[in-house]
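This briefing covers selected strand pairings and aromatic contacts. Please keep the sequence and the coordinates open while reading.

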Amino acid sequence: MKKPFIVSLAAILLSGATFLNACASQKPSAPPFPSPSTSLSPVSFAGNAPSSLPAAATATTLPSGLSAILKEISGKVEIKPVGEEAFIPATTNSLLQEQGQVLTGDDGRVRLDLSSGTIIRLAPNSLFTLISNQPADESLKTRLQLAVGKLFVILNGGSLEVETPTGTAAVRGSYMSVVYDPASGETRITCLEGNCSLENQNGRVEITAGQTAVIRGAGQPPQAGYMSQEDFQEWLNNSPEAKIIIESLFPFVIPTPSPLPQIYFPPSGKKEPPAAPSLTPIITIVNVSPYASVSGQTIVVGVSVQSSPGGPTPTGTVKVRANSAYFCAAALDASGNANCAGGIAHSGLYDLTAEYFGDENYLPAQSAPFYEYTVSPASTLTTLVSHNPSPSLAGAAVTFTATVDALSPGAGTPYGSVTFSDGSVNTCVASSAPWECAITFANPGSYAMTAAYSGDANFNGSVSSPVIHDVLASVYTEFRNPGGPTSVIAVCAPAYQTQALDVDGVNLVEVEYRIGDSVFIASDLKQALSFNNGTGYWEGMFVIPALNTDTVYWRFIATDGLGNKTFLGNGFTYTVGYTGAAVDAYSYTGPTCP
């Protein structure tokens with residue numbers, strides 16, 4: 001078993017996001033690695049290509065030009081200056097301008113001193129492009145590209161971004177490494193000091209000293225974790241600038257795996273290191289609750305770390321990993337016990353192993369595995385949250401939007417597609433969040449629309465409740481289900497009711513009436529109806545001062561959000577200027593109304 005670092009600053013290694021086990025994904029085939037004779041233009045990646053320098057940047061007083069001088073060349077190192085067709089051997093003090101590239105062979109290493117003062121160290125089998133400096137936040141943002149391989153950043157002020165085909169890494173103040181493997185599509189960074197981040201279209205994680213972040217492949221979200229002993233050794237092997245940082249983190253003997261030598265960094269020469277721990281504790285997983293879980297659900301793992309015969313009670317921290325990825329960390333109590341709580345993001349079968357990181361008396365140790373812990377896909381809730389515009393016009397596009405949420409006790413971010421449909425030809429598919437797409441309805445009417453989430457490896461599919469979407473035939477208000485006095489009545493206060501729909505909204509619905517003739521004029525009596533949120537109807541009841549021998553003529557008037565008026569009479573809709581008998585009438589018999 002490889003032993004992890006024993007650290008005195010445990011808070012550094014245990015801060016940040018929980019490192020989650022990544023989904024297995026199909027591995028794309030590796031692109032051909034360029035040879036010295038290969039003609040390459042500056043590398044560009046879909047979705048990660050650097051934006052051009054904003055016009056405003058040309059007016060800044062900051063020195064935005066970017067160049068680099070090559071130093072400490074060993075092995076095979078080649079450069080391709082801007083405008084050249086092929087790579088040529090690099091020499092000490094070679095100058096690299098923006099869009100220039102560096103290619104290292106199997107044994108190639110090189111230090112690049114950027115004009116900004118930042119140092120870049122390039123590992124073997126790497127292809128690197130110098131992109132640009134851009135003014136940002138009263139400072140400079142340096143942009144680089146890594147097509148394959150590994151680089152180490154020692155930042156000198158400002159911020160720096162490294163683009164890979166599957167994600168973008170960023171650092172501010174000041175040590176970060178980036179590695180990209182084209183065979184798996186994996187991008188991984190370590191943050192030795194400062195604040196770092198890793199993001200792509202599927203998410204973003206921020207990490208700090210002693211942490212890592214990884215994107216397992218194309219389409220996978222970034223996830224956070226902790227640096228291993230090998231990660232620290234990689235910094236020492238590749239960047240002498242890192243020695244002082246690691247000395248501050250580990251002021252005592254650091255056990256390292258063979259064949260790497262054991263390393264000791266004295267604490268500023270003032271004290272001798274404490275004696276190396278020699279006791280071996282007994283670490284056991286005593287319980288796991290719940291016995292099985294769903295994606296993202298909080299799991300509590302009880303861990304016991306017991307002393308050797310005659311030894312003191314162990315102190316320090318434990319972490320639990322699912323297969324190879326840690327998902328929780330906890331401090332031991334006074335009895336050497338801990339409850340480690342965290343969630344496993346991806347469904348599957350896992351072997352859970354607890355690891356103890358040692359203290360001044362005890363060596364690191366790990367438990368026997370808790371075999372085949374089951375994580376099932378979590379349930380989801382899909383909601384059709386909007387359809388805009390509503391109502392819409394026939395022949396016009398309508399944008400539908402849905403949300404997909406993990407249902408408790410599950411947690412995490414669902415991926416997959418959402419299909420919006422009325423069960424017929426009116427269908428569209430949103431392939432990723434935010435889930436929205438457009439449908440154009442050819443015919444007017446009311447459509448019961450649903451949003452159906454496909455599910456993914458970690459979340460079950462679900463279907464929303466139906467939502468009614470109304471499609472209108474024209475630009476004018478559409479009345480539906482009108483009701484009013486259309487025959488002989490025996491009361492003076494008849495009731496009126498209608499649904500009025502308009503793309504621009506309906507602000508007011510009135511009933512206009514005349515007694516004795518059907519020629520409507522502006523001064524006619526009008527009564528406003530009230531909108532009933534429960535029924536969706538405009539409704540009203542009022543007294544008409546008619547005699548028992550009168551005939552009353554009436555019609556609906558709807559005013560939309562733009563002030564346009566539409567009328568309904570004799571069962572059909574019309575606008576101002578219509579000359580036909582577009583009114584309803586009824587004869588009133590009975591006592592004279594007040």
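This is a predicted model: local features need pLDDT of at least 70, side-chain atom pairs count only at pLDDT 80 or more; totals for chains, interfaces and linings use all residues.

The points below are grouped by topic. Strand β35 covers residues 495-501 and is largely enclosed by the rest of the structure, because 5 of its 7 residues are buried. A search of the whole structure gives 18 aromatic pairs.

**Strand β35 and its partners**

- Strand β34 (residues 478-483) runs antiparallel to β35, and 4 bridges join the two.
- Within that pairing, Glu 478 has Leu 501 of β35 as its bridge partner.
- Strand β39 (residues 537-541) is also joined to β35 by 4 bridges, and these two strands run antiparallel.
- Thr 498 has Trp 538 of β39 as its bridge partner.
- In a regular strand, side chains alternate between the two faces of the sheet.

**The open sheet β25-β27-β30**

- This open sheet has 3 strands in the order β25-β27-β30, with antiparallel pairing.
- Its edge strands are β25 (380-388) and β30 (435-440), each of which pairs on one side only.
- On average, neighbouring strands of the sheet are turned by 25° against each other, with direction ignored.
- A total of 8 bridges connect β25 with strand β27 (residues 397-406) in the antiparallel sense.
- Leu 384 has Ala 402 of β27 as its bridge partner.

- One of the pairs is formed by Phe 479 and Phe 556, which are stacked with 6.2 Å centre to centre and 20° between the planes.
- Phe 479 belongs to strand β34 and Phe 556 to strand β40 (residues 551-560), so this pair ties together parts that are 77 residues apart in sequence.
- Phe 479 has 9% relative accessibility and therefore counts as buried, the cut-off being under 20%.
- Phe 556 has 1% relative accessibility, so Phe 556 counts as buried too.
- Phe 479 and Phe 556 are members of a cluster linked by ring pairs, together with Tyr 496, Tyr 513, Phe 542 and Trp 554.

**Charges over rings**

- Lys 319 lies over the face of Tyr 326, at 4.0 Å from the ring centre.
- Arg 555 is placed over the face of Phe 520, at 4.4 Å from the ring centre.

Notes: Residues are numbered from 1 along each chain as its sequence is written. Side-chain values use heavy atoms; hydrogens and water are left out. Buried means under 20% relative accessible area, exposed over 50%, partly exposed in between (1.4 Å probe, protein chains only). Two strands pair if DSSP finds at least two bridges between them. Axes are lines fitted to C-alpha atoms, for helices over the stretch in contact, and angles run from 0 to 180 degrees between N-to-C directions. Rings of Phe, Tyr and Trp (its six-membered ring) pair if their centres lie within 6.5 Å; planes under 30 degrees apart count as stacked, over 60 as edge-to-face and the rest as tilted. A charge sits over a ring if NZ of Lys or CZ of Arg is within 6 Å of the ring centre and within 35 degrees of the ring normal.
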